[in-house]
Amino acid sequence: MGGTVQTDIDPRSLIGRKAFDRDGHKIGTVDEVYLDDATGEPEWAAVRTGLFSRDAFVPLEPSEVVDNALHVPYERALIKDAPDFGVGRHLSPEQELQLYHHYGLDLSAPPTPAPSAGDRSFGKVTGQED
């Protein structure tokens, strides 16, 4: 089974693996894997960073599994600042678009037209605001 992820393992087996940034610094542990709605291919991983117990979404396509760990080709600071949508929920097309922009990834086909400015509350995370 081929796919866009540069690994030859079942995406479910990514859960629980350690994740590292491009410089080899530990980011955290893979919490969940999100599949593309259209293709069913693994597209994003939520990595439990340990920083305030939040998950950072990382793209799987440019990442690879080396020595049983997920290596993400981005700096830890960029990963840490990725939009946090919480885990256990479906990523909306708007949320995916925010992640694509955050990581500077090309969109081969834009998901949907941009939402209106008044429709942004879904992506906010509950908790303290600073």
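Modeller: A salt bridge is a side-chain nitrogen of Lys or Arg within 4 Å of a carboxyl oxygen of Asp or Glu. This is a predicted model, where local features need pLDDT of at least 70, side-chain atom pairs count only at pLDDT 80 or more, and totals for chains, interfaces and linings use all residues. Residues are numbered from 1 along each chain as its sequence is written, and side-chain values use heavy atoms, with hydrogens and water left out.

Biologist: What makes R48 and D31 a salt bridge?

Modeller: The closest N and O atoms of R48 and D31 are 3.0 Å apart. The limit is 4 Å, so the pair counts as a salt bridge. R48 is in strand β3 and D31 in strand β2, 17 residues apart.

Biologist: Why is R48 called partly exposed?

Modeller: Buried means under 20% relative accessible area, exposed means over 50%, and partly exposed is in between, with a 1.4 Å probe and protein chains only. R48 has 31% relative accessibility, so R48 counts as partly exposed. D31, at 27%, also counts as partly exposed.

Biologist: How many salt bridges does a search of the whole structure find?

Modeller: The search finds 4. One of them joins R22 and E75, with the closest N and O atoms 2.8 Å apart. R22 is in the loop between β1 and β2, and E75 is in the loop between β6 (69–71) and α1, 53 residues apart. E75 has a relative accessible area of 39%, which makes this residue partly exposed.

Biologist: Which residues do salt bridges that share partners join into one network?

Modeller: They are D31, R48 and D55.

Biologist: Why does buried D21 have no salt bridge?

Modeller: Lys and Arg count as positive and Asp and Glu as negative, while His and the chain ends are not counted. The nearest side chain of opposite charge to D21 is R76, 4.4 Å away.

Biologist: What does the side chain of D21 reach at 3.2 Å?

Modeller: The side chain of D21 reaches the backbone nitrogen of R76. A polar contact is a pair of N or O atoms within 3.5 Å; within protein, one must be able to donate a hydrogen and the other to accept it, and residues adjacent in sequence count only if both atoms are side-chain atoms. A polar atom of the D21 side chain also lies 2.9 Å from the backbone nitrogen of D23.

Biologist: Where is D21, and which residues is D21 in contact with beyond its neighbours within four places in sequence?

Modeller: D21 is in the loop between β1 (18–20) and β2. Contact means heavy atoms within 4.5 Å. Leaving those neighbours aside, D21 is in contact with I27, V72, Y74, E75, R76 and I79.

Biologist: How many helices and strands are in the protein chain?

Modeller: There are 2 helices and 6 strands, in the order β-β-β-β-β-β-α-α along the sequence. Helices (H or I, at least four residues) and strands (E, at least two) are DSSP runs, numbered from the N terminus.

Biologist: What joins strand β2 to β3?

Modeller: Two strands pair if DSSP finds at least two bridges between them. DSSP gives 6 bridges between β2 (residues 26–35) and β3, so these antiparallel strands pair. In this pairing, E32 stands opposite A46 in β3. β3 is also joined to β4 by 5 bridges, again antiparallel, and W44 stands opposite P59 in β4.

Biologist: How much of β3 is covered?

Modeller: β3 is mostly covered, with 6 of its 7 residues buried. Across the 130 residues of the protein chain, 34% count as buried.

Biologist: Which residues of helix α2 are buried, and what do they pack against?

Modeller: In α2 (residues 93–103) the buried residues are Q95, E96, L97, L99, Y100 and Y103. They pack against β3 (42–48), β4 (55–59) and α1 (76–80). After α2 comes G104, whose phi is positive, near 70°.
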